[in-house]
Amino acid sequence: MRYVGMILIVLAGCGLGLTFSRRLYRRVWLLARAERLLQALDARLLYSAEPLSKLWRQLAESPAFADDKLLQETVRGLSDAPFSEAFSRAADRLGPALTADDRALLKAFGEGCGVTGLQEQTAHIRQYVGELRRAREGAEAVAAERGRLYRVAGLSGGLALALLLL
């Protein structure tokens, strides 16, 4: 029974390490999805010149973005709020994986959408695609550096605690 408890302690440490490591990689994934979403929005806006809310709804119906939480939450919010407010609320609901800077970046994008002409709007979207790319690349570097550290620290912490209790 004692060894079962020690194994459970080691597994709990591994689980904690994996959880924190996964959060880093989830941030990378969320930023990459937002980047691809804005690229798709830019392409559709440039060729169709439709209103932003209509383009957003079209993207939500597309199979490529059917599971995108940011997009789906924004579309749900469009029924009772303007785009910038709906997008800001959707960015807040993405979970703890994103940092405050990531959320601020997404909210700044949403605030500048739909308030200028077509050329300015495409420039705005492209600017934020670049900023999201830089944020994603930084998140990838952090995930590569700290992700392994978190997994090893979780395992080491679990082993150390198990040995102390032995």
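**Helix packing in the predicted model**

Helices H1 and H6 are roughly antiparallel to each other, and therefore carry that label (angles under 35 degrees count as roughly parallel, over 145 as roughly antiparallel, 65 to 115 as roughly perpendicular and the rest as oblique). H1 and H6 (residues 118–165) pack at about 175°, with axes 8 Å apart. Axes are lines fitted to C-alpha atoms, for helices over the stretch in contact, and angles run from 0 to 180 degrees between N-to-C directions. The contact of H1 with H6 has 32 nonpolar, nine polar and 10 charged residues. Here Ala, Val, Leu, Ile, Met, Phe, Trp, Tyr, Cys and Pro count as nonpolar, Asp, Glu, Lys and Arg as charged, and the others, Gly among them, as polar.

The model is predicted: local features need pLDDT of at least 70, side-chain atom pairs count only at pLDDT 80 or more, and totals for chains, interfaces and linings use all residues. Residues are numbered from 1 along each chain as its sequence is written, and side-chain values use heavy atoms, with hydrogens and water left out. Helices (H or I, at least four residues) and strands (E, at least two) are DSSP runs, numbered from the N terminus.

H1 has 47 residues. From first C-alpha to last, H1 reaches 67 Å, close to the 69 Å expected at 1.5 Å a residue (the expected span is 1.5 Å times one less than the number of residues). Just after H1, Ala49 takes a positive phi of about 55°.

The axes of H1 (residues 2–48) and H2 (residues 52–61) come within 10 Å and cross at roughly 125°. That makes H1 oblique to H2. The crossing is right-handed (left-handed if the near helix is turned anticlockwise from the far one by less than a right angle, right-handed if clockwise). Residues of H1 including Leu37, Leu41 and Arg44 meet residues of H2, among them Leu55, Trp56 and Leu59. Contact means heavy atoms within 4.5 Å. The H1–H2 contact divides into nine nonpolar, two polar and one charged residue.

The axes of H4 (residues 83–92) and H5 come within 8 Å and cross at roughly 165°. H4 is thus roughly antiparallel to H5. H4 passes H5 in a right-handed crossing.

Asp102 is found in H5 (residues 100–111). At 3% relative accessibility, Asp102 counts as buried (under 20% relative accessible area; exposed is over 50%, partly exposed in between; 1.4 Å probe, protein chains only). Asp102 touches Arg27, Leu31 and Ala135, not counting residues up to four places away in sequence.
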